[in-house]
Amino acid sequence: MKIVECINVNKTYQQGQIKVHALRDISLVIEKGEFAAVAGPSGSGKTTLLNLVGGLDASDSGSIVVDGNAFDQMSQSQLANLRLHKIGFVFQAYNLIPVLSAAENVEFVMLLQGVTARERQQRAKAILDDVGLAGKYDRRPAELSGGQQQRVAVARAIVSSPSIVLADEPTANLDSKTGEGLLEMMQKMNEEKRVTFIFSTHDKMVMDYARRLIFLRDGRLVDDQVK
Amino acid sequence: MSVDVKMAWRNIWRNPRRTILTICAIAFASLLLVFMLSFQFGSYETMINTSVKIHTGHLQVQADEYQDKKSIRLVVPNPEKIANLLDKIPKVEAYTFRGQAFSLISSKERTYGAVVKGIDPEREATVSRLKALIRQGDFLSKDDTDQALVGKLLARNLRVNIGDELTVVGQGRDGSIAATVVKVKGIYSSGIDEFDRASIHIPLETFQEVYTMRGVVHEVVVIADSLGDIDTIKRTIKANLLSLNLKKALTVLDWNELMPGLRQSIEMDLVSGVIFYFLLVLVVAFSILNTFLMAIFERTREFGVLMAIGTTPGRLTKVLLIESMTMTLVGIVAGIVIGSLVTVYFQSHGIDISGASELLSQFGITGRMYPKLSLLSAVSGPLAVLIITFFAAIYPALKVRRMRPVEAMRAV
């Protein structure tokens, strides 16, 4: 079952006087339950592709369909609603809300979805237990290590069972041991809960864990390997 | 507590120093507005009450057109009928009758023009402050006939003192020459140059006799229990005047109409005050605007993340408005409470204005001034702060709505 379909997607940025082609004619399909990595050097277009698939940015041409929803026919508020219910995000810099505790950060997405307070609290604690943060529910982000913050970010991304999790260089700010632990955890969730993961990375460890590798160079898709 | 409120509250305390400074600015502006407005309203009331108790009373019953022409022939023909009417109105504190005519006043050495006022000594003491203004000699008594009270400046100009004689020459109501000789019994000083320089007071009966008034007067002067009762009394008198079946038309004028200069001074002072308050509130509004723009710049990346995980721009706007309004309300409440306490203190103790300007003394105000706290003075200024800071906070809150998640998340 197709969860993501990109057809001839192009994206350019204007940097001063120069027009930069971030993505050129990208076409690819991601099936449900995949554990895929978009790899390539810096400036190859990995983050841009994830932003487009996540509906955070709009392509110049081509079409993107996520879980049956064609982005080119959706308004900003519809895209926000789609992100809320179907897409989870894990960012390189964790991007937790600093004034909320670990549990409240995880609860926040469920709150936006209208889940009751009691269910929110139960599910948030359960998912934090799953990612190895039992007992750290009330810590604020500043009181957690980088690895622990990224675990909270993963918990926030998957707590409401999205169709797809987009992780933009999730291990970039972590040491190798912590990064590997995080990848194992995400792999486990992929296998147990059939959550689709797409990473952007140039970390070899992430590429080793991924079951599919999509290579980008200068905005073009140059290789697509299924292990 | 909802998560929106919880987030807003925690965001407020992200930078405690900035938050406290902002709240202090709002509180100080509110405090200042409460006190200044109370002080202004209190000073207006003092000015009005002081002026009416020297000059006009709160209300006067006069012959139609007397206020404009001041003709000796325009009289209130049956003052006792008006007295009967006023006796039945509960909010009337006191009233008296006056006659007045412009005359030449001569001492042995000099002659000056002045207004000669005929007053009922006993009634006048209940209506005006004239008795309290006597600086030399004594106030008129019930049985006095050819005695006079003279303004301090006029006495100086005429070079007379207590016991000296003054010759009064004017025109009677019937066109005859009105002339008499009176002795200076008292010298008064109100601080109001015009009053002290150009008026003398003689007993009403003497006045009526000298000026051929035959029992009539020019003014029935009324003092109300309070300023708020004036309109009611005015309406009541007007309604009842018709039933008296008087031959000549009478009119009822309040202090506004009797002393248009005082009203204009108050209006001018109020306008300049409002301009000052507006500028004060504007400064506070810019302070709030600055605080919130800074908060938005600092948290742009966070807003991008919140939008990325599905927060609608409307919700972000709501959180920001909760933040701004919470700070504003805390500041305003603190300002109203402290401002009211300060005002109440000075309301009972007064503010020393013994070195007050010449302008204030022209309204008879010397010594101490008392602010007056009212619902209007306690609420109107802070309410203006609330409204203007709300609009100042709307701009940064709406700015969030125009953000795109991917651009916001790139912000450093």
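Across all chains, a search of the whole structure finds 25 salt bridges. A salt bridge here is a side-chain nitrogen of Lys or Arg within 4 Å of a carboxyl oxygen of Asp or Glu. This is a predicted model, in which local features need pLDDT of at least 70 and side-chain atom pairs count only at pLDDT 80 or more, while totals for chains, interfaces and linings use all residues. Residues are numbered from 1 along each chain as its sequence is written, chains are lettered from A and ligands numbered from 1 in the order in which they are written, and side-chain values use heavy atoms, leaving out hydrogens and water.

**Salt bridges**

| Pair | N to O distance |
|---|---|
| A:Glu107 and A:Arg120 | 3.3 Å |
| B:Arg315 and B:Asp4 | 2.9 Å |
| B:Arg98 and B:Glu124 | 2.8 Å |

Take the chain B pair B:Arg98 and B:Glu124, joined by a salt bridge. B:Arg98 sits in strand 2 (residues 92-106) of chain B and B:Glu124 in helix 5 (residues 121-127) of chain B, so the pair ties together parts 26 residues apart in sequence. Helices (H or I, at least four residues) and strands (E, at least two) are DSSP runs, numbered from the N terminus. Both B:Arg98 and B:Glu124 are buried. Buried means under 20% relative accessible area, exposed over 50%, and partly exposed in between (1.4 Å probe, protein chains only).

B:Arg315 also bridges to B:Asp4. This pair links distant parts of the chain: B:Arg315 is in helix 13 (residues 313-349) of chain B, B:Asp4 in helix 1 (residues 3-12) of chain B, 311 residues apart. B:Asp4 is buried, at 4% relative accessibility. B:Arg315 is partly exposed, at 24%.

In chain A, a salt bridge joins A:Glu107 and A:Arg120. A:Glu107 belongs to helix 3 (residues 102-113) of chain A and A:Arg120 to helix 4 (residues 117-130) of chain A, so the bridge ties parts 13 residues apart in sequence. A:Glu107 is buried at 12% relative accessibility. A:Arg120 is buried at 12% too.

**The chain A sheet**

Four strands of chain A make an open, antiparallel sheet in the order 2-1-4-5. Strand 2 (18-31) and strand 5 (69-70) of chain A are the edges, each pairing on one side only. Two strands pair if DSSP finds at least two bridges between them. Strand 1 (residues 2-15) and strand 2 of chain A run antiparallel, joined by 10 bridges. A:Lys2 stands opposite A:Glu31 in strand 2 of chain A.
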